[in-house]
Amino acid sequence: MIKKIELNFIGRFIGKIKSLTLSNSAITIYYRNSKHENIDLSDIVNLPIFKGSFLGHTLIVGTNLGVKQIGFISTKGKEDVKNQFKASLYRRLSVNIKKQIEYFHYSAINQFLRDSAVERINAQLTPLILNYKQNKQHWNEVFSDKLLLKFKSLSDKLPINNPEIFRLEYEKMRLDIHRDFFDGIESNPLTKDQRLGVIRNNDKNLILAAAGTGKTSVMVAKALSLIVHDQVPAEKVLVLAYNNAAAKELKERLEERKKQYGLDCSSPNIMTFHALGLSVLKEAKVSTRLSVFAEDPIQLEIWFSKWLVEYISKSSRAMRNFIDLSYQPNNPFEFQSEKEYENHIRDNEYRTLKGELVKGYQELIIANWLFLNSIEYEYEPKYVTKRRIEVGFDYRPDFLISGTSIYLEHFGISRDGSTRTDIDAKDYNEKIQSKRNLHKECETTLIETFHYDWVEENLENRLTELMAGHNIEIKPKSSEEILEVLKESDFLVTNIKRYIKCLQAIRVEQLNDYQIKQRLKDAKIKQVDKYVELLTDVSDAYVYELKSKGEIDFDDMIIRAFDTVNTGGFTPKWADILVDEFQDISAARMNLLNELINKGPNPRLTVVGDDWQSIYRFSGGKLELITQFEKFSGKHSLTTLQKTFRYNNSIAKTAGQFVMQNPEQYTKHIETNDRVDKAQVYLLDSDKNNLDNRIKQVVTTILQNDPDGSIAILARYRYLLANAKAELKNISSSRNIKYWTLHGSKGLEADYCIVVGLSRGKLGFPNENKEEAVVEALLPLVDGYKHSEERRLFYVAITRTKKKSYLIADSMAPSEFVEELLTPSYELHIGSTKFEAFYREIFKCPSCDGGYFKLHTGKHGDFYKCTSGLACNAKPRICTSCSSPSIDNHNGSVCQNSSCRETLKICFKCGRPMRLREGRYGKFWGCSGYGIKNDQCKNTEHIK
């Protein structure tokens, strides 16, 4: 039945509305401009009210789309509207209000109050409450006393300005109701924080767990609680694990706990992200034929090797670009300190095409240029005579052109004679002149190149001119000859591995050409355009190879699954999604996760992770997704697991203090179940020559005191583990000894752990190798703290142990991390006197910033060498009295041992020892090189 609503006199003449009708389903407004508007009664969300004035009555209607006001209604029209509403609208509103009350109790009282529920409750109930408070008489006329009583009690609690009040009440209730479940679902009762991690079911939930705090227990308990207590169908609960091993562990643990606790329920879906992607694609009938490259890295390397050889063989330009891009240029003048420069040279290899190690990039260019042009040379040869330009160092020119007396020196000066920041320019230039004078005196030829030649991109032209000027034939090698050399050396293999890493980074980060270029620029990589060209060609070739075979790889599983969900090819069904090891999630996985949430039935997301254990950046792990969770995922509930059941308070203090140096991570205060009074982190000394024997000593001692104790040996590199395993193979209890890489140890534990490889350098820890700068630039951005991921890796290593952790390091070349642990703020048990300050002072190299002298044995006997490697030329003598390092000055060599201070008189010209002799005029000092026929030194000194 349609009823026409009467307008008053004023409205009929001046109002915009021509007429108004009301039916059981809608209000229809007809305007004078011939348009009309329908207000569906089902869209009205609160009680319509009338406001009167001298212009008539105005009907105010609140709808889903906003508030609508209809004016100029007559008194009779008002009564007609009320009567019509009684017959239809009020009943609907009563039902709607009951639903809103029920929704409030369901969302805010009977379950954990979600942020989305707060928004909906405030958006839908707050206008109703305001309407009720402003029009109580009208409400009393329309609705039943029972409904009004419920609504009045509700109105005192709304709007929800502090959801935590409701959440705390809910947590208290659930903790009490399910106490038996929390006490018995795991082998040990769950801690309060673990229980809260299970209970909290916001839209987004972050559970931060430190090592050994039982995150797997929370995952298992939460999945079962959702199914058993919240009545979520098991098939609607999805648990995502980082890898197959983790997924298997979760499945086995969940089934075991179900059985032990006596639960008869279905199990949730537990799978890896890749398995999830595969199932999405299969359900959407997208091709899922997996490439052999995904499962067999060797096959990928074989294919890429073949492709790369063809690629660089197609032209001399391609070959030369490939060689140039194999090294990262560095400008010595850009280093800010001597230490920075020395560390760079120590930690990065500049190995020539001939396989030699040279000291810097510019020397590398010269060596390679000579080689590529078939000019035989020697690097840093002995000079024709033993002479010293610098105190303590025999003169060795940079290069000798083989078969000639032509020496090439590359001098590190600008055109104005300025030098690197840490070098005295005046002194350096004087030494240049001294070298020129020496060559003149010895009748050898010195040819010179300069730093400014490289800066001005003229170094190779300069070399060409110098060779031509001295009649040295230049004969460029063919691409075939060069390729053979590359194949015979490690050069080609090393670069193949590097560019495969680049390809994997591009794939996991889904980088296009522009993004590749931008990341390389941001990382200040040189020769960006050449890199972009090569990397794009590599990526395109790989994608083409997959497409030509109709195959996908693991990255495709994630990327294509995202596209499939995004375009509607797959509709997610999960009500709850739980993600383990969230600290290692990649951008692609996060994109897929967000799409499952956006396209799903408003699912809840719970992620469990430990930012302190984020160590998989090389496979795409994006740390900021957890450390900046709110920024990337929005409002959430946070639970922190801070009680560990694995290790004692000593391990917790040392490891926690160490990892928390990085301010960009969460702060946690770890409690331990086990407490000890003394430090249980031991620092022991060993150099690489007797490391395996030292490991054996520690293992033997452990087994003598605890024959049944489990032992794990941890190292960053597998070769260290292989060596240790070979040394320990005859120990009777060797079955109790495990060998773990630091990355592979995550999630594992042992009674005793021995961490080795804590040295400096390219194969040290932290790994300071800059050769992978391009790979690093393509990987997810790293936080700004120095060695941040390596620091977290060390934390993982220390926290694998239950009882004691043994750190074995070389006292003469200790890791930067060991140096830090030696500071007084750390409670460390130092088990070797070689780490004491007095002992280290004896062996400290005075010629460089961070090096120490180590004793080596060579074919001519023992000798000391600085641990800074090529960055330092120091070669001290061995003191004849105490065998400590003895340092040369202008005319003597003094033992560094303050308890000895033995002094040896030496020749300032050639550095040989001086001998006290008797002549016609009395005693004098004579050089011991006087009797050497081919290199006689006649230097003498009067006795003062």
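Contact means heavy atoms within 4.5 Å. The model is predicted: local features need pLDDT of at least 70, side-chain atom pairs count only at pLDDT 80 or more, and totals for chains, interfaces and linings use all residues. Residues are numbered from 1 along each chain as its sequence is written, and side-chain values use heavy atoms, with hydrogens and water left out.

**Exercise 1.** Determine whether Gln896 is buried or exposed, and which residues Gln896 touches.

*Solution.*
Step 1. Gln896 counts as buried because its relative accessibility is 16%, where buried means under 20% relative accessible area, exposed over 50% and partly exposed in between (1.4 Å probe, protein chains only).
Step 2. Leaving aside residues up to four places away in sequence, Gln896 touches Glu841, Ile842, Phe843, Lys844, Pro846, Phe853, Pro885, Ile887 and Arg901.
Step 3. For Ile842, the backbone oxygen is reached by the side chain of Gln896 at 2.5 Å.

**Exercise 2.** State how exposed Gly569 is and what Gly569 touches.

*Solution.*
Step 1. With a relative accessible area of 44%, Gly569 is partly exposed.
Step 2. Not counting residues up to four places away in sequence, Gly569 touches Ala284 and Thr564.
Step 3. Glu283 is 286 residues from Gly569 in sequence, yet their C-alpha atoms are 8.6 Å apart in space.

Definitions and conventions
A polar contact is a pair of N or O atoms within 3.5 Å; within protein, one must be able to donate a hydrogen and the other to accept it, and residues adjacent in sequence count only if both atoms are side-chain atoms.
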